[in-house]
Amino acid sequence: MSGSAILVACSDLPEGDGDEHAVPEALADLGFKTRWAAWDDTTVDFGAADIVVVRAAWDYAERRDEFLSWAESVPALANSAEVARWNTDKSYLAELGDSGVAVVPTTLIAPDEKAPRWPKSDFVLKPAIGAGSRGAGRFKAGDADAAAAHLAGLHAEGHTALLQPYQSSVDEQGESALVYFGGVYSHAFSKAAMLGRELDESGLYVTEKLAPLQPAAAFRALAEDALDATAALLGILRAELLYARVDLVAGPDGRPLLLELELVEPSLGFRQTDVTAAWRFASAVRQQLA
């Protein structure tokens, strides 16, 4: 099988951040001609490609309606426009929690709602629609004035806010990111705590400290539960998800909790593992076409 593939980025990072360095060659080995393109480049005929893979469209948060309109215009998009619409609003965490997935406790605060009773421990406020930790803030217990001001700022920009208790395990253990291709586990890596870090030169994401990881069984099981629940909510098969990154943290009792499920534009940690991950990704791309 041969075909054409477009890896989608944004105009500020037209070929991503370099994480997919091995992917074009892996796709070429399977007969694919691959190129990069910014999602809003009107000179590109995305409809002519056999598959269009969103990889680094990290400016979507400020232009979500425009991005979703573009996604719906691309018939061979992976992951699909339906997945993008659902996953670019972190309200999905509440849906997964209602489905029985162990998520970090999440309260949604819409722009027309007043400030809630703040938690008695450290907590995080962040926009429901956002990427790269932009707009996220961590607050000490009792720091009501600063939290209220941050919430007002998010609401003034039209954001629904997410309120979550801060998971102190992140300070020492970081987050565990488990990566799946075509619904099948590929590899994992750890991410150091991001809140309070500086944005990179592009202004699109926070520079992270990453390292290879062998996740514990309980973390692998929760990641599987999250993907199964997502497939059920969206009415699709897990295999229809070309890629997924499941971000987990240890809760107060040491058990894993789902922090985020990334199905649109996450870094997939190719540089944190060997070249066989790129091969698995290329195989999953071919599977999508089959």
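With which residue does glutamate 224 form a salt bridge? In this predicted model, local features require pLDDT of at least 70 and side-chain atom pairs count only at pLDDT 80 or more, whereas totals for chains, interfaces and linings use all residues. Residues are numbered from 1 along each chain as its sequence is written, and side-chain values use heavy atoms, with hydrogens and water left out.

The partner of glutamate 224 is arginine 238, with the closest N and O atoms 2.6 Å apart; a salt bridge is a side-chain nitrogen of Lys or Arg within 4 Å of a carboxyl oxygen of Asp or Glu. Glutamate 224 belongs to helix α7 (residues 217-234) and arginine 238 to the loop between α7 and β13 (243-250), so that distant parts of the chain, 14 residues apart, are linked. Helices (H or I, at least four residues) and strands (E, at least two) are DSSP runs, numbered from the N terminus. Arginine 238 counts as buried at 18% relative accessibility, while glutamate 224 is partly exposed at 28%; buried means under 20% relative accessible area, exposed over 50%, and partly exposed in between (1.4 Å probe, protein chains only).

The whole structure contains 18 salt bridges. One of them joins the side chains of glutamate 20 and arginine 55 (2.6 Å, N to O). Because glutamate 20 lies in the loop between β2 (14-17) and α1 (23-29) and arginine 55 in the loop between β4 (51-54) and α2 (64-72), this pair ties together parts that are 35 residues apart in sequence. Both glutamate 20 and arginine 55 are buried. A further salt bridge connects aspartate 122 and lysine 140 (3.6 Å, N to O). Aspartate 122 is buried at 18% relative accessibility, whereas lysine 140 is exposed at 53%.

Two cavities of 30 Å³ or more were found in the whole structure. A cavity is a set of points on a 1 Å grid over the protein atoms alone where a 1.4 Å probe fits but cannot get out, and lining residues have an atom within 4 Å of a point. The second largest cavity, of about 30 Å³, is lined by residues including Glu20, Arg55, Asp17 and Trp58. The largest cavity holds about 40 Å³ of space. Its lining includes Val54, Leu77, Tyr243 and Val264, and the elements giving two or more residues to that lining are β5 (77-78) and α3 (81-87).

Methods: On a 1 Å grid over the protein atoms alone, a cavity is a set of points where a 1.4 Å probe fits but cannot get out, and a pocket is an open set with protein on both sides within 12 Å along at least five of seven lines; lining residues have an atom within 4 Å of a point. Grid points are joined across faces, edges and corners, and a volume is the space filled by probe spheres set on the points.
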